Amino acid sequence: MSKVVAVVGASNNRQKFGNRAVRAYLRAGYTVVPINPHEREVEGLRAYASVLDVPGPIDVATFYVPPERGEAIIEDVARKQIPEVW
């Protein structure tokens, strides 16, 4: 079973790192969960507004957002008990 990776700041803009990360994790065989409150889907995957909205556990959260957004989101990561953050 592959690790579940939440890409916080996932985007449909293929030039942004949030999109590049989604594609890279998919190519590496991870289960990818895009997190972005402004997207419904990213690279064909259902996007969630928050890590708290994702059913089931998340193994890793990766951040592709400005620091001030990341500071607010990290509290949700702690509540979701995600053990690894990048």
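Ser11 is buried, with a relative accessible area of 9%; buried here means under 20% relative accessible area, exposed over 50%, and partly exposed in between, with a 1.4 Å probe and protein chains only. The model is predicted: local features need pLDDT of at least 70, side-chain atom pairs count only at pLDDT 80 or more, and totals for chains, interfaces and linings use all residues. Residues are numbered from 1 along each chain as its sequence is written, and side-chain values use heavy atoms, with hydrogens and water left out.

Ser11 sits in the loop between β1 and α1. Its side chain reaches the backbone nitrogen of Asn13 at 2.9 Å. Beyond neighbours within four places in sequence, Ser11 is in contact with Lys16, Gly18, Asn19, Glu39 and Val42, where contact means heavy atoms within 4.5 Å.

The protein chain as a whole has two helices and six strands. Helices (H or I, at least four residues) and strands (E, at least two) are DSSP runs, numbered from the N terminus. In sequence order the pattern is β-α-β-β-β-β-α-β. The radius of gyration of the protein chain is 11 Å, close to the 12 Å that the globule rule gives for 86 residues, so the chain is as compact as a globular protein of that length. That radius is taken over C-alpha atoms, and the globule rule is 2.2 Å times the number of residues to the power 0.38. The C-alpha trace spans about 30 × 30 × 20 Å along its principal axes.

Of the 86 residues, 41% count as buried. Among contacts with a separation of 6 or more, 57% come from residues 24 or more positions apart. The accessible surface of the protein chain is about 5,400 Å², and carbon and sulfur atoms hold 52% of that surface; the areas come from the Shrake-Rupley method with a 1.4 Å probe, and for residues only the protein chains shown count as cover.

Helix α1 covers residues 17–27, and its buried residues are Gly18, Asn19, Ala21, Val22 and Arg23. An α-helix has 3.6 residues a turn, so residues three or four places apart point the same way. The cover over the buried residues of α1 includes β1 (4–8), β2, β3 and β4 (45–46). After α1 comes Gly29, with a positive phi near 95 degrees.

Ser2 counts as partly exposed, at 28% relative accessibility. Not counting residues up to four places away in sequence, Ser2 touches Gly29, Tyr30, Thr31 and Asp59. The Ser2 side chain reaches the backbone oxygen of Gly29 at 3.4 Å, and makes a polar contact with the side chain of Thr31 at 2.7 Å. A polar contact is a pair of N or O atoms within 3.5 Å; within protein, one must be able to donate a hydrogen and the other to accept it, and residues adjacent in sequence count only if both atoms are side-chain atoms.

Asn36 lies in the loop between β2 (31–35) and β3 (41–42). At 13% relative accessibility, Asn36 counts as buried. A polar atom of the Asn36 side chain lies 2.7 Å from the backbone oxygen of Ala10. Leaving out residues up to four places away in sequence, Asn36 touches Gly9, Ala10, Ala47, Tyr48 and Ala49.

Gly9 can also be placed against Pro66: their C-alpha atoms are separated by 9.0 Å, and the two are 57 residues apart along the chain. Pro66 is in the loop between β5 (60–63) and α2. With 39% relative accessibility, Pro66 counts as partly exposed.

Backbone angles come next. Most residues other than glycine have a negative phi. Glu43 is not a glycine, yet has a positive phi of about 50 degrees. Glu43 lies in the loop between β3 and β4, and at 30% relative accessibility counts as partly exposed. Gln81, also a residue other than glycine, has a positive phi near 60 degrees. Gln81 is in the loop between α2 (67–80) and β6 (84–85), and is exposed, with a relative accessible area of 67%.
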